[in-house]
Amino acid sequence: MNCTELREQLPELLYGELSPERAAIMQQHLAECAACRAESAAVQRMRRQLDAAPTPKVHVDLPRLYRAASSAQEARTRHWRRLAYTAGGLAAAVFLAMILRLEIRLDQRQIILAWGQTAAAVPVPERPPRANPPLAAMDGAKLATMENQIHLLDELVHALALDVDTRDQRQRQEIVRLALRLQDWQRQTASQRAATERDLAALYVAQFGPKEKGAKQ
Amino acid sequence: MGAAKTGRDNAALPRSWVQGDPTAFEALVRFWEQPVARFLARLAVEADQVADLCQEVFLRVYLARDRYRETGAFATWLYRIALNVARDSARRRRRTPGSLADQEPASSVATAGAASAQHELAEAVARAIADLPRPMREVLVLRHYEGMRFEAIARLTGTPASTLKSRFAAALARLRSALQAFDDSSEEAQP
């Protein structure tokens with residue numbers, strides 16, 4: 001082993017990251033090389049200097065943490081509820097459109113809204129051919145496919161609503177649990193305060209004797 | 001001494017917490033709040049933000065209970081969250097040098113002169129670490145202060161261990177250069 005190799009791996013040696021065999025080889029070189037020994041000593045001094053960095057003192061506020069967690073869980077519940085309502089609204093709109101055989105199309109600067117039987121086309125010169133036929137003209141197979149899709153959408157909406165209810169119930173239980181934990185904290189604090197006041201009163205009596213009613217100070 | 005260095009990763013507490021024991025969570029917080037605060041401070045988070053970010057770390061831990069898997073060490077999972085919180089904070093704020101007003105030096109010294117020198121050294125170390133590029137700073141803090149081995153840091157950061165070792169060696173070299181004045185003065189003090 002030469003000095004360059006040793007100095008490249010010196011941090012690993014000093015931090016115990018090398019295999020015993022490799023470490024032994026490096027220790028052998030250190031025993032024979034004064035320059036590498038001096039280098040090793042300098043790195044170890046610097047390690048001790050690094051430990052001079054200040055250490056902050058922190059105390060996590062658990063009641064505040066529980067309140068923040070409760071707020072976050074309420075926000076999640078509201079998010080899932082909004083998502084479910086949006087999906088339900090979209091599914092209902094699609095379902096309504098299918099039931100009423102609603103047709104909405106743009107046709108040369110006109111918005112045409114028709115339901116039931118297909119409305120007569122407004123006579124506009126050079127009307128482009130429609131890409132999709134009106135719903136009323138679809139054959140039974142396609143209609144059955146669309147009804148299956150509507151049914152699936154309906155099931156999805158119900159599943160989402162059930163999921164929201166389940167999450168809602170779970171979140172409420174969690175909120176109740178957090179509230180009970182907070183009350184427990186408050187009771188403990190009140191109990192400790194009362195005990196401290198009793199101890200102080202006892203110490204006062206022990207030191208100065210009981211107060212007499214109407215006694216002048 | 002980092003908690004990981006002493007190997008005190010109590011597997012029973014995280015398991016109890018995941019099963020719904022609130023006292024287990026509180027015990028975990030009390031055990032890990034100082035190591036996490038130290039970790040955040042040494043990642044050059046502003047001193048007045050350490051307490052708030054520490055609070056944020058444990059809030060994320062609490063909310064992520066359902067996602068915690070006992071396959072890995074709790075410490076690794078916790079430090080991953082702390083690292084993400086520190087990175088998010090750095091992205092939100094422009095880094096400013098922290099003050100030592102709310103912090104204590106690692107060792108107390110009897111005389112006023114020695115205390116002043118120790119304070120100077122502590123400030124110099126804090127600044128030298130803060131001046132390191134973020135990737136070097138992270139591996140330095142995790143290896144030297146938190147006692148994580150390079151393989152564990154590799155799993156935590158998703159960076160190969162060989163890359164981490166190179167960064168660590170480079171970080172030590174930079175720090176040695178930055179703290180050279182203090183090393184010279186300590187050498188002169190020796191008989």
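**Notes on a two-chain predicted model**

1. Let's start at the chain boundary: E17(A) and R149(B) are joined by a side-chain salt bridge, 3.9 Å from N to O (a salt bridge being a side-chain nitrogen of Lys or Arg within 4 Å of a carboxyl oxygen of Asp or Glu). This pair crosses between chains, with E17(A) sitting in the loop between α1 and α2 of chain A and R149(B) in the loop between α7 and α8 (150–157) of chain B. R149(B) counts as partly exposed because its relative accessibility is 42%, whereas E17(A) is buried at 14%. The cut-offs here are under 20% relative accessible area for buried, over 50% for exposed, and partly exposed in between (1.4 Å probe, protein chains only).

2. Some housekeeping before going on. This is a predicted model, where local features need pLDDT of at least 70 and side-chain atom pairs count only at pLDDT 80 or more, while totals for chains, interfaces and linings use all residues. Residues are numbered from 1 along each chain as its sequence is written, chains are lettered from A and ligands numbered from 1 in the order in which they are written, and side-chain values use heavy atoms, with hydrogens and water left out.

3. Back to E17(A), which has another partner in chain B: its side chain also meets that of R143(B) in a salt bridge, at 2.8 Å from N to O. That pair crosses between chains too, running from R143(B) in helix α7 (residues 134–145) of chain B to E17(A) in the loop between α1 (3–14) and α2 (20–32) of chain A. R143(B) is buried, with a relative accessible area of 5%. Helices and strands throughout are DSSP runs numbered from the N terminus (helices H or I, at least four residues; strands E, at least two).

4. Which residue does E146(B) pair with? Its salt-bridge partner is R38(B), with the closest N and O atoms 3.6 Å apart. The two link distant parts of the chain, 108 residues apart: E146(B) is in the loop between α7 and α8 of chain B, and R38(B) is in helix α3 (residues 22–42) of chain B. Both ends are under cover, E146(B) being buried at a relative accessible area of 0% and R38(B) at 11%.

5. R181(A), D184(A), R187(A) and E26(B) are linked by salt bridges into a network. Over all chains, the salt-bridge count comes to 19.

6. On helix packing between chains: helix α4 (residues 62–99) of chain A packs against helix α4 (residues 50–63) of chain B at about 50 degrees, with the axes 10 Å apart. Axes are lines fitted to C-alpha atoms, for helices over the stretch in contact, and the angles run from 0 to 180 degrees between N-to-C directions. So α4(A) and α4(B) are oblique to each other; under 35 degrees would be roughly parallel, over 145 roughly antiparallel, 65 to 115 roughly perpendicular, and the rest is oblique.

7. Within chain A, α1(A) and α2(A) pack at about 125 degrees, and their axes are 11 Å apart. That makes α1(A) oblique to α2(A), and the crossing is left-handed.

8. Is D168(A) buried or exposed? D168(A) is buried, with a relative accessible area of 15%, and it lies in helix α5 (residues 140–208) of chain A. D168(A) and R76(A) are 92 residues apart in sequence, yet 9.3 Å apart in space, C-alpha to C-alpha.

9. There is a nonpolar surface patch on chain A, made of I104(A), L106(A), I111(A), L113(A) and W115(A), with about 650 Å² of accessible area together. The elements giving two or more residues to the patch are β2 (103–106) and β3 (111–114) of chain A. Patch members have over 30% relative accessible area and no salt bridge, with like charges joined within 9 Å and nonpolar side chains (Val, Leu, Ile, Met, Phe, Trp, Tyr) within 5 Å; areas come from the Shrake-Rupley method with a 1.4 Å probe, and for residues only the protein chains shown count as cover. One of the members, I104(A), is found in strand β2 of chain A and is exposed at 59%.

10. Finally, the overall make-up. Chain A has 5 helices and 3 strands, in the order α-α-α-β-α-β-β-α along the sequence, and buried residues make up 26% of its 217 residues. Chain B has 10 helices and 1 strand, and 46% of its 191 residues count as buried.

Methods
Left-handed = near helix turned anticlockwise from the far one by under 90°.
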